[in-house]
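I opened the notebook to record what I looked up in this structure. The entries follow in the order in which I made them.

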Amino acid sequence: MTAKDSLHIALAGNPNAGKTTLFNNLTGAHQHVGNYPGVTVEKKEGICTHEGNEIRVVDLPGTYSLTAYSVEELVARDYLVNEQPDVVVNIVDASNLERNLYLSCQFLELGVPLVIALNMIDVAEKRGIRIDTEKLSEFTGVPVVPVIARSGKGVNELLKTVQKVSQTGAAPPRTLIRYGADIDEALKDLIPVLEEHKLLGSAYPASWTALKILENDEQIVAKVMLENMKVGQELVDRSETLARHLQDTIDAYPETVIADHRYGFVRSILRQGEVTRITDQDRLYASDQIDKVVTNRVVGPLLMAAILFGLYSFTFNWSGFLVDWMGMCFAFLGSLAESALPDGPIKSMIISGVIDGVGGVLGFVPIIMFMFFGIALLEDSGYLARVAFMMDRIFHFFGLHGSSVMPFIISGGIAGGCAVPGVMAVRTLRSPKERMATLLTVPFMNCGAKLPVLTLIIAAFFPAHQARYMFLATLVAWLVALLVAKLLRMTLLRGESTPFVMELPPYRVPTLKGLFIHTWERTWQYIKKAGTVILGISILLWAMMTYPGLPSDKVADFEAMRQQVVTSADKAEELLRIDQLEAEAGLRHSIAGRIGMSLEPISHFAGFDWRTNIALVGGFAAKEVIVSTLGTAYSLGEVDPEETTSLTDRLASDKHWNPVAALAFLFFIMFYSPCFVTVVAIAKEAGSWKWAFFSMGFNTVFAFSMAVGIFQLGTVLGLG
Amino acid sequence: MNLRKMQTGQSGTIASVKIGGSLGLRIREMGLVPGAEITVTGRAPLYDPVKICINGQTLTLRNSEADHIDVATK
Ligand SMILES: Nc1nc2c(ncn2[C@@H]2O[C@H](COP(=O)(O)OP(=O)(O)O)[C@@H](O)[C@H]2O)c(=O)[nH]1
């Protein structure tokens, strides 16, 4: 270990044991959220001071175990091994000792310097569970400090103990746990070999490595093989002999036998008297009473619909005033720049690139903040797990997870959401494959920015049944998203679904402090991490739609036209008309325009002409831009997405358009590449740009195939 | 009796968990080991997953996962 001035401790424990609460209590506002390298697991770090000394606190992901089966568990144990914290504080939920101590066993096996923080003793006491901490400490061989993380009781004592342990260092790992004759014997064979060849010697205790080899732990076996193929193979052979033997004699796998013996050890501790349980089965805790109603067959789904709808309104409607207010600020800034700066490309870049870009980034902030607050509320109160419980049957059928429902709803499962917070909400999912499938399909929902476009097309071509068509669009979005999810889970994201076995945590009243910290750190992460990228791309898109400008002779032509109308009667109107024509010519001349034109030979299979193409390129900036760009492309000037009558009439009477082309266009809009803000968000949540690009490419190809199918079929059937 | 077949309100002691691998470990990690006392406390509106009470905590698992667990019912 390197010499350090400040103490370095790691918090570890089961999910819901109170880790976050203790972490917040220790570090207050001095925390920093990041990711563990290469994975999307949140890493929280903070500083706390105790008796004038600084202590660096790292919050490890909550886990039930330390296997190689989940990213969180891998991250946790890799951290313990590679970073070697001075002390590991194991938060143990006293009201649920058995399962919590199962994890403690594994810390003991790993031989890390451990302190057990026995949390929630208030809850345990209420349930009549009394714990003799002295005895618990004696049996486990590590100090045990009772705390109430929520109120801060015992935290000082905990820090004192931590300091003491850091000075004395860890007691050498004692063999506390027996795993049964067969396994103990195999361990006895493996350990000397590991020690002799110093395999993984410096990082892991040999006894732990041996245990992991017997558990057939992928990561450790691979590491051992990498270090010494020949000896590694010997060890694996021995482990396989054991596995066969256990299979033959007791029809069990080594890893499960080991798990059962860990539980045996935990039970023996509990049995040996340190716990008095005055079980009061009648007063089956309030949570179960609440659950009787909340997950009831009839009431449950209705209540859930109401709560999810409430979360949705809260996110999008209640944040409205802040969104409007920010919009006004940026409009004001824009007009300031408009009047203060001299005309020219710099001004245009500042207004359309920078101010609109920053506005675009920050415009999402209120929505994201409200959403994360709402989610934190549902998460901390324990309700979110119930939603997953009730919805799992449906979502599991499509290869997703019960928890997928929330991201879908926020993205526009109730028409009018937004895929950016929707994508960010995916982080409540812990199952990697289900999570990725959700991430890739939520952008199919009809977000608020697609609505003006859908409304425009529906008003122009299907004016008789507008409401019905809008509703159908929502249903189609759900159907397509779920089917594509199923498709992905059968192909690219194939694989067993992650076990659903999970805890329904007891209902608790969330603390305000916790809610605000949660909300703020996640929002800040969006601003910091996504913001800069979004700003950059926004300027790039602006440049694409502006450059290269019209050649000077063309500009001169328009100028000449302007000169001619000086004498005309409706001067103002004529001038406006010329401006609009010039804007159209400019757009056509720009890079985006050229892309649009060059794509026409392909896009006409779906019935899109170059104007539509340009608008669709613009839609990558934000879907509502499709409307204003269409306006420019049809020389109507920039059309306000809220007020589209002129464009509706223009499209309805254009010979390129007909109901079939319109339907193909609708489908394309609904399903093609997400806007770039969403793409950036996907890259951040997926942890790699690969998936973000995949989402752009796949969705566009998919949407285009649908559009071509609709257009060709409709045309053949003569519906156009 | 198989856990899937148990009725709401029925209790028993886990007799065996017949699966290994990640699911087998996951089931055990959550405390569903032979000898543990459980009570089925309910099911989701669409009958799957199932909700059980063990040691005063509530766990849920899918029917397909419950299939691997045998319970000696009272
Ligand atoms: N009564 C009580 N509640 C607690 C205590 N510690 C944490 N909680 C609550 O337990 C819930 C889960 O805690 P949290 O810190 O989010 O758990 P984590 O998943 O381990 O991070 C929250 O609602 C906390 O307010 C405690 O000592 N006593």
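Entry 1, a loop of chain B. I located Pro49(B) in the loop between β2 (37-43) and β3 (50-54) of chain B; helices (H or I, at least four residues) and strands (E, at least two) are DSSP runs, numbered from the N terminus. The peptide bond that joins Asp48(B) and Pro49(B) is cis, with omega about 0°. I found Tyr47(B) in the loop between β2 and β3 of chain B as well, and Tyr47(B) has a positive phi of about 75° although it is not a glycine. I noted for comparison that most residues other than glycine have a negative phi, and most peptide bonds are trans. Tyr47(B) counts as partly exposed because its relative accessibility is 40%; buried means under 20% relative accessible area, exposed over 50%, and partly exposed in between (1.4 Å probe, protein chains only).

I am reading a predicted model, in which local features need pLDDT of at least 70 and side-chain atom pairs count only at pLDDT 80 or more, while totals for chains, interfaces and linings use all residues. Residues are numbered from 1 along each chain as its sequence is written, chains are lettered from A and ligands numbered from 1 in the order in which they are written, and side-chain values use heavy atoms, with hydrogens and water left out.

I recorded a cis peptide bond between Tyr547(A) and Pro548(A), with omega about -10°. Pro548(A) lies in the loop between α23 (512-546) and α24 (552-565) of chain A. Asp251(A) has a positive phi of about 55° and is not a glycine; I placed Asp251(A) in the loop between α10 (229-250) and α11 of chain A.

How many residues of chain A are in contact with chain B? I noted 41 residues of chain A in contact with 36 residues of chain B, where contact means heavy atoms within 4.5 Å. The two chains bury about 3,500 Å² between them, 58% of it on carbon and sulfur atoms; buried area is the accessible area (1.4 Å probe) that two parts lose on being put together, summed over both. The rule finds 4 salt bridges across the interface of chain A and chain B, a salt bridge being a side-chain nitrogen of Lys or Arg within 4 Å of a carboxyl oxygen of Asp or Glu. I noted the salt bridge between the side chains of Arg28(B) and Asp260(A), at 3.0 Å from N to O. On the side of chain A that touches chain B, α3 (97-110), α11 (254-274), α12 (286-294), α17 (383-397) and β10 (502-504) each supply at least two residues.

Glu503(A) stands opposite Leu59(B) in β4(B).

Is Asn446(A) buried or exposed? Asn446(A) counts as buried because its relative accessibility is 1%, and I found it in the loop between α20 (432-441) and α21 (450-461) of chain A. I looked up Gln564(A) in helix α24 of chain A, and Gln564(A) counts as exposed, at 62% relative accessibility. Gln564(A) and Leu492(A) are 72 residues apart in sequence and 62 Å apart in space, C-alpha to C-alpha.

Note on methods. Two strands pair if DSSP finds at least two bridges between them.
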